[in-house]
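Visitor: I have this model open and would like to go through it with you. Could you start with the strands and then move on to the rest?

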Amino acid sequence: MPELLQVRDLRKYYWKKLGLLRPTTQTVHAVDGISFDLRERETLGLVGESGCGKSTAGRSVLRLIEPTSGEISFNGRDVLKFDSENLRAMRREAQMVFQDPFGSLNPRLTVAQIVEEPLVIHERMTGSERRERAGEMLATVGLRPEHLDRFPHEFSGGQRQRIGIARALMLNPRLLVADEPVSALDVSVQAQVLNLMGDLQERFGLAYLLIAHDLGVVRYICHRVAVMYLGEIVETAPVDDLIRSPLHPYTEGLVSAVPVTHPRLRHRREGLRGEVASPLNPPAGCRFHPRCPYAMPICSEQRPPMREVADQRHVACHLHDAEIAKSTSSKEFPA
Ligand code: SF4
Ligand code: MG
């Protein structure tokens, strides 16, 4: 399927003033040179622990925040060159679904006002046309047209997320960036909302960029996954391959309950050790090296480049560099 979204070397830095007496400015490397593609009708999961930059990446792609540098191509067009008119047009085709169904809906507006809002901004329609379309969309997401005159607080978390999804779909977008769409919901409700997202993808031909910290969610709905650590993507793979045989030690930590097939990563890990370092001052070389059980001397010195190691499988780890693997003596990795 053709590419809908191509992201190359995307960066988002913030500058933070630290210290009172002698303040210095430090750079927060929130997103630090990530590249990925998303095909039409595909779901790509962007996964990692909180603070790894995945939400910043998702918002940057839609220019809800301005990236520092990089390239974003949506439907073959250069998003970073868009003026406000182009951006407005893009927002019809690419919408965001937010994490918190409690915070993202204005409590003072009725469901009709919330769901119709994109039509008010982008379409010329009469009030009754808008209302009819909003009622249809509510039915599409599993609610009822008579819910239009109620307020968000009258709904459960899952229903509110359905309202958020209905609003996002009102302009027939091709891409939804969904930032932790189910993480605020009870587990029993999560599957319902994910199933709904799957049905909507089929029906409307949607592509999703699904931001999640939870591989369970990703496994449920994604085709491919990009794993982020401290602002960088460290591995991309089809979801089943990633979970069956994670290549990056960080991914292995995330998948820790799953047996590992890499000959050097034979034993089962018990989750991740240590804390994520600060994006203010990320470790040199491989950013994961302070936490990595397989770290070699080179890991703190050289940043491992992203390599294609098999069809659709990319990983940034020195363990997967044939030359380095050859030169590392086997005593460090007893068989
Ligand atoms: Fe671990 Fe080195 Fe691979 Fe980084 S490059 S994940 S420190 S083995
Ligand atoms: Mg987030």
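Guide: Bearing in mind that this is a predicted model, you can find an open sheet made of 4 strands in the order E2-E1-E4-E5, with antiparallel pairing. E2 and strand E5 (77-78) stand at the edges with a single partner strand each, so one side of each is left without a neighbour in the sheet.

Visitor: Which strands does helix H1 touch?

Guide: Helix H1 (residues 54-61) packs on the sheet and touches E1, E2 and E4, and its direction makes about 120° with that of E1.

Visitor: How many bridges join E1 to E2?

Guide: There are 13 bridges between strand E1 (residues 3-18) and strand E2 (residues 24-39), which run antiparallel, and among the residues involved, Arg11 has Asp32 in E2 as its bridge partner. The two strands form a hairpin with 5 residues between them, and Gly19 in the turn has a positive phi of about 90°.

Visitor: And what about E1 with E4?

Guide: E1 and strand E4 (residues 69-74) are joined by 5 bridges and run antiparallel, with Val7 standing opposite Ile72 in E4.

Visitor: Changing topic, which residues of H3 are buried?

Guide: In helix H3 (residues 111-122), the buried residues are Val111, Ile114, Val115, Glu116, Pro118 and Leu119, and their cover includes helix H4 (127-140) and helix H5 (157-169).

Visitor: Last one: which residues are closest to ligand 1?

Guide: Ligand 1 is surrounded by 14 residues, of which Cys286, His289, Cys292, Cys299 and Cys317 are the closest. By class, the shell around ligand 1 divides into 11 nonpolar and 3 polar residues, with no charged ones.

Key: Residues are numbered from 1 along each chain as its sequence is written. Chains are lettered from A and ligands numbered from 1 in the order in which they are written. This is a predicted model: local features need pLDDT of at least 70, side-chain atom pairs count only at pLDDT 80 or more; totals for chains, interfaces and linings use all residues. A residue is near a molecule or strand if its C-beta atom, placed from the backbone, lies within 6 Å of it. Ala, Val, Leu, Ile, Met, Phe, Trp, Tyr, Cys and Pro count as nonpolar, Asp, Glu, Lys and Arg as charged, and the others, Gly among them, as polar. Two strands pair if DSSP finds at least two bridges between them. A residue is buried if 20 or more other C-beta atoms lie within 10 Å of its own, exposed if 12 or fewer, and partly exposed in between; C-beta atoms are placed from the backbone. Two residues are in contact if their C-beta atoms, placed from the backbone, lie within 7 Å. Axes are lines fitted to C-alpha atoms, for helices over the stretch in contact, and angles run from 0 to 180 degrees between N-to-C directions.
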